[in-house]
Amino acid sequence: MIIAEIGSVHDGSLGNALKLVDLAKKCKADCVKFQYHIAEEETLKDAPEPYYFKDETRYNYFKRIEFGITEWKQIIQRCKKNNIQFMCSVFSEKSLHNLVKFGVKNIKIPSGELTNIFLLKSLNKYKNINLFISTGMGSWHEINAALKVLKSKKITLMQCTSLYPCPPEMAGINVIKEMKKKYSKNFEYGFSDHTQGNEAAILAMSAGATVFEKHLTFSRKMYGSDAKFAMEPDEFSKYVIGLKKTKKILKSFLDKNKIGLFSKMKKVFEKKIILKENKKKGYRLKENDIMLMKSKMGIFSKDLKKIIGKKLKRNLASKTPIKLSDIY
């Protein structure tokens, strides 16, 4: 599954949100993800500000961009119309409750909520939820503690590094491998990708990730906390193409003993057994009588051992390709 993370790129505009759903579909994403913020449920006005909140307080920002029930229903309906899955991150028990009422199945726990015991316990009230857990800011101890609380059997653990952008050396591909060793084989494993480019996601797939999340925006010049670190449409489309090609490569199996596919090329590139110098009928061939060269006629070089020690049935001139009919 490839998830187009919209986050807060819509900047509180329903029109933008709906167009971003259309864009995600056009870019061939499998799923589109939003964040369900309700300012009064998740933050006090004196909450600390991330470095990228400069023009307004965090509380005011979330208050300004949050959608009401009517808007969420329209966004979900737009996803259904586009035949693209809808997913949403929850930051409060109320946002979770509302999404379940809307019939949403794909719920994500952002890494900042990994220690929110009340939210985790609330999730246990609902069955048949596909739960995606970001581990971006979580230690192994916190991940373990959250998994002990959660009763859901449909869990995807997402390796994430909460740096924006994430330096390539901090992508944590090794964490995906460690998760697969530590936890249930029934879990899925994913990669929430904050790096720039496609390389980390491709390596994550080779490490066993099956779910990928990447921020999508109309333009990195847009306002907000997500836009400047997101992919623009052309980049995102290439990201999707690259991952789907990688999946095909990793799933394929090539038997090197079945070389029928290469038989034509082999005839062109593999060398043949050629006589170095003039030899007379009855001469017993030695290895130093042979040279290997490309030729339309003759015996392939792989059969050299079958030729050595054989006698010539007739006189052969130098640089003559040796055929089976020439020896006994």
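Q: Leaving aside neighbours within four places in sequence, what is F191 in contact with?
A: This is a predicted model, with residues numbered from 1 along each chain as its sequence is written, and local features need pLDDT of at least 70, side-chain atom pairs count only at pLDDT 80 or more, while totals for chains, interfaces and linings use all residues. Side-chain values use heavy atoms, with hydrogens and water left out. F191 is in contact (heavy atoms within 4.5 Å) with M158, Q159, A171, I173, I176, A200, A201, A204, A209, V211, F212 and E213, leaving aside neighbours within four places in sequence.

Q: OK, and which residues touch the most other members in the largest nonpolar core?
A: F34, F86, L157 and F191, out of 67 residues in that core. A nonpolar core here is a set of buried Ala, Val, Leu, Ile, Met, Phe, Trp, Tyr and Cys residues joined through side-chain atoms within 4.5 Å. Buried means under 20% relative accessible area, exposed over 50%, and partly exposed in between, using a 1.4 Å probe and protein chains only.

Q: Which helix gives the largest share of this core?
A: Helix α1 (residues 14–26), with 6 residues. Helices (H or I, at least four residues) and strands (E, at least two) are DSSP runs, numbered from the N terminus.

Q: What lies apart from it?
A: Another core, of 11 residues, including I299, L304, L312 and L316.

Q: Switching to the sheet: how do the strands of the closed barrel run?
A: There are 8 of them, in the order β1-β2-β3-β4-β5-β6-β7-β8, with parallel pairing. Neighbouring strands are turned by 25 degrees against each other on average, direction ignored. Axes are lines fitted to C-alpha atoms, for helices over the stretch in contact, and angles run from 0 to 180 degrees between N-to-C directions.

Q: How many bridges are there between β1 and β8?
A: β1 (residues 2–7) and β8 (residues 211–215) pair in the parallel sense over 4 bridges; two strands count as paired if DSSP finds at least two bridges between them. A4 has K214 as its bridge partner in β8. On the other pairing, 4 bridges join β1 to β2, also parallel, and I3 stands opposite C31 in β2.

Q: Which way do the residues of β2 point?
A: C31, K33 and Q35 point one way, V32, F34 and Y36 the other, and all are buried.

Q: What does α1 lie across?
A: β1 and β2 (31–36), running at about 155 degrees to β2. α9 packs on the sheet too, touching β7 and β8, and its direction makes about 170 degrees with that of β7.

Q: Which residues of α8 are buried?
A: I173, V175, I176 and M179, in a helix spanning residues 173–182. Seen down the axis, they fall within an arc of 155 degrees, so they line one face of the helix; the arc is that of the directions from the helix axis to the C-beta atoms. Their cover includes α7 (140–149), β6 (155–160), β7 (188–193) and α9 (199–206).

Q: How many disulfides?
A: The count comes to 0, with a disulfide taken as a pair of cysteine sulfur atoms within 2.5 Å.
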